[in-house]
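Visitor: Hi! Could you walk me through this one?

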Amino acid sequence: MSKPNSKSTEVLTRLFITMIGAAFVLWGLSTVALGFFGIKETAVITDIRRELGERNEVMPGRYTYYISYTFTLPNGNKIDGASRKIGSAIYLKADGKSKTTIRYFSFFPSVNALEKDTKPGWGQLILIAIGCFLIFIINRSKKITLRKMKSNDV
């Protein structure tokens with residue numbers, strides 16, 4: 001059995017982490033872009049589900065909720081979407097009549113989000129910063145320090 005080439009493994013690792021970083025940047029930018037360029041539409045909340053148990057935080061009694069919704073495009077097609085929300089232990093079950101405002105791209109309606117999630121904020125900035133950090137750190141050129149050169153020459 002031959003040993004995998006370390007150079008090709010390094011390239012694949014760099015490529016993989018760069019793609020993760022690009023996904024973070026794209027995610028952060030797309031939610032902000034939805035806020036500025038997305039089309040506003042009313043969606044019907046179809047399901048609210050509490051995920052796991054109580055969150056392990058300083059404030060007790062907080063849970064993560066998964067909210068599913070459906071909206072109709074001008075051409076009559078129905079698009080489903082989902083979001084997460086952190087809230088208290090008390091919540092209403094979806095009755096199919098509750099409405100919320102969402103934003104979506106007209107050229108790709110599958111990219112959509114609740115309107116409140118598309119406002120620029122710290123969350124998007126952190127996603128973009130983490131993505132840029134990953135891309136920069138993994139792809140920076142390796143500098144050979146003078147100390148390493150001297151120790152290798154001896």
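Guide: First a term: a contact means heavy atoms within 4.5 Å. With that, residues 24 or more positions apart account for 63% of the contacts in the protein chain with a separation of 6 or more.

Visitor: Good start. What should I know about the model and numbering?
Guide: This is a predicted model, where local features need pLDDT of at least 70 and side-chain atom pairs count only at pLDDT 80 or more, while totals for chains, interfaces and linings use all residues. Residues are numbered from 1 along each chain as its sequence is written, and side-chain values use heavy atoms, with hydrogens and water left out.

Visitor: How many helices and strands are there in the protein chain?
Guide: The protein chain has 3 helices and 5 strands, in the order α-β-β-β-β-β-α-α along the sequence. Helices (H or I, at least four residues) and strands (E, at least two) are DSSP runs, numbered from the N terminus.

Visitor: And what share of the protein chain counts as buried?
Guide: Of its 154 residues, 26% count as buried. Buried means under 20% relative accessible area, exposed over 50%, and partly exposed in between (1.4 Å probe, protein chains only).

Visitor: Salt bridges next. How many does a search of the whole structure find?
Guide: The search finds 3 salt bridges, each being a side-chain nitrogen of Lys or Arg within 4 Å of a carboxyl oxygen of Asp or Glu. Lys40, Arg103 and Glu115 are linked in a network of them.

Visitor: Nice. How far apart are the N and O atoms for Glu115 and Lys40?
Guide: Their side chains meet at 3.4 Å, N to O. This pair links distant parts of the chain, 75 residues apart, with Glu115 in the loop between strand 5 and helix 2 and Lys40 in strand 1.

Visitor: And Arg103 with Glu115, how far apart are the closest N and O atoms there?
Guide: Those are 3.3 Å apart. Arg103 lies in strand 4 and Glu115 in the loop between strand 5 and helix 2, so this bridge ties together parts that are 12 residues apart in sequence.

Visitor: Is Glu115 buried or exposed?
Guide: Glu115 is buried, with a relative accessible area of 17%. Arg103 counts as buried too, because its relative accessibility is 15%.

Visitor: Which residue does Arg14 form a salt bridge with?
Guide: Its partner is Glu10, with the closest N and O atoms 3.5 Å apart. Arg14 is partly exposed at 22%, and Glu10 is partly exposed at 29%.

Visitor: Switching to Thr118: where is that?
Guide: Thr118 is in the loop between strand 5 (108–114) and helix 2 (122–139). This threonine is buried, at 3% relative accessible area.

Visitor: What does the side chain of Thr118 reach?
Guide: It reaches the backbone oxygen of Glu115 at 2.7 Å. That is a polar contact: a pair of N or O atoms within 3.5 Å, where within protein one must be able to donate a hydrogen and the other to accept it, and residues adjacent in sequence count only if both atoms are side-chain atoms. Not counting residues up to four places away in sequence, Thr118 touches Thr31, Val32, Leu34, Gly35, Arg103, Ala113 and Gln124.

Visitor: Now pockets. What volume does the largest pocket have?
Guide: About 430 Å³. On a 1 Å grid over the protein atoms alone, a pocket is an open set of points where a 1.4 Å probe fits, with protein on both sides within 12 Å along at least five of seven lines; lining residues have an atom within 4 Å of a point. Grid points are joined across faces, edges and corners, and the volume is the space filled by probe spheres set on the points.

Visitor: Which residues lie nearest the centre of the largest pocket?
Guide: Of the 16 lining residues, Trp27, Thr31, Ser83, Ala113 and Asp117 lie nearest its centre. Helix 1 gives the most to this lining, with 4 residues.

Visitor: What about the second largest pocket, which residues lie nearest its centre?
Guide: That pocket has a volume of about 320 Å³. Its lining has 18 residues, with Ile45, Ile48, Ile67, Lys85 and Lys116 nearest the centre. Strand 3 gives the most to the lining of this second largest pocket, with 3 residues.
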